[in-house]
Amino acid sequence: MSLSGRTALVTGGNAGLGLEMCRGLARAGARVLVNGRDLERTAVAVDGLRAEGLTAEPAVFDVAVASDELLATYGRIEVLVNNVGQRDRRGALELPVDDFRRLVEIDLTAAYALSRLVAARMVADGVRDGAIVNVSSVVGGILGHRGDVAYAAAKAGLEGLTRAMAADLGEHGIRVNAVAPGTFVTAVNASLFATDEWQRWAAERTLLGRFGQPAEIAGAVTFLAGPDSSYVTGQVLVVDGGLTSRF
């Protein structure tokens, strides 16, 4: 899955699953632009990747206000991974409409806006094998989840956007796909998921009997970004240990 000579921009790439996506793409040979809003946190992530002998550069900006002029400073981009997102764990009777709208703007509208800018730049630069990978979720696209109404709506919309943009951009040689992660152990939830209650949940609910480790998302993203998936577009690849396959 060689990505040698290609540049990949990963939004929200300075921590968690996003950082593992950056690592996977860089190990495949890509020059990775690690996006984040926090300068110090992004610099730490980039330094860590470089210490592993990988090619990484900081891309410190808010995806909600990205512009063509800003993207031009990073040069030619062949791969975009829309990973950045937020979550508001309130249900339909608790979440005000303004807060719902705000989260959808961050998790869905910002992904569309950046994809549109990057796709236009790919076309202008003559990139005929570009790839956009959206990071969805099993929540929304496949499953409903109590107390997660805005996140679920945004992620379901992101999967619809994936198929729609794949239809629009196919004639330009640009593929658009998505990955839908299940439940992964990250620094934020590691202590919670280590409890007996959550370990039992993982054993009973997933076919593999465990939670996902952050590094296990990298292969799916790298596959969809690279030449081994050259005839794959408009698809959602579920990476959930069999969570959604069990009745």
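Helix H4 (residues 97-124) lies across strand E1 (7-10), E4 and E5 and runs at about 180° to E4, where angles run from 0 to 180 degrees between N-to-C directions and axes are lines fitted to C-alpha atoms, for helices over the stretch in contact, with contact meaning heavy atoms within 4.5 Å. Helices (H or I, at least four residues) and strands (E, at least two) are DSSP runs, numbered from the N terminus. This is a predicted model, in which local features need pLDDT of at least 70 and side-chain atom pairs count only at pLDDT 80 or more, while totals for chains, interfaces and linings use all residues. Residues are numbered from 1 along each chain as its sequence is written, and side-chain values use heavy atoms, with hydrogens and water left out.

**The sheet**
- Seven strands form an open sheet in the order E3-E2-E1-E4-E5-E6-E7 with parallel pairing, two strands being paired if DSSP finds at least two bridges between them.
- Strand E3 (56-60) and strand E7 (236-239) stand at the edges with a single partner strand each, so one side of each is left without a neighbour in the sheet.
- Direction ignored, neighbouring strands of this sheet are turned by 20° against each other on average.
- E1 and E2 run parallel and are joined by four bridges, with valine 32 in E2 as the bridge partner of alanine 8.
- Strand E4 (residues 79-82) pairs with strand E5 (residues 131-135) in the parallel sense over four bridges, and valine 81 stands opposite valine 133 in E5.
- From E1, Thr7 and Leu9 point one way and Ala8 and Val10 the other way, and all are buried, that is, under 20% relative accessible area with a 1.4 Å probe and protein chains only.

**Other helices**
- Helix H2 (residues 39-51) lies across strand E2 (31-36) and E3, and runs at about 170° to E3.
- Six of the eight residues of helix H9 (residues 218-225) are buried, so H9 is largely enclosed by the rest of the structure.
- The buried residues of H9, among them Val221 and Leu224, pack against helix H1 (16-27), E4, E5, strand E6 (175-181) and E7.

**The cavity**
- One cavity of 30 Å³ or more is found in a search of the whole structure, a cavity being a set of points on a 1 Å grid over the protein atoms alone where a 1.4 Å probe fits but cannot get out.
- The largest cavity has a volume of about 50 Å³, the volume being the space filled by probe spheres set on the points.
- Its lining residues, which have an atom within 4 Å of a point, include Thr11, Asn82, Ile106 and Asp107, and H4 gives the largest share, five residues.

Key: On a 1 Å grid over the protein atoms alone, a cavity is a set of points where a 1.4 Å probe fits but cannot get out, and a pocket is an open set with protein on both sides within 12 Å along at least five of seven lines; lining residues have an atom within 4 Å of a point. Buried means under 20% relative accessible area, exposed over 50%, partly exposed in between (1.4 Å probe, protein chains only).
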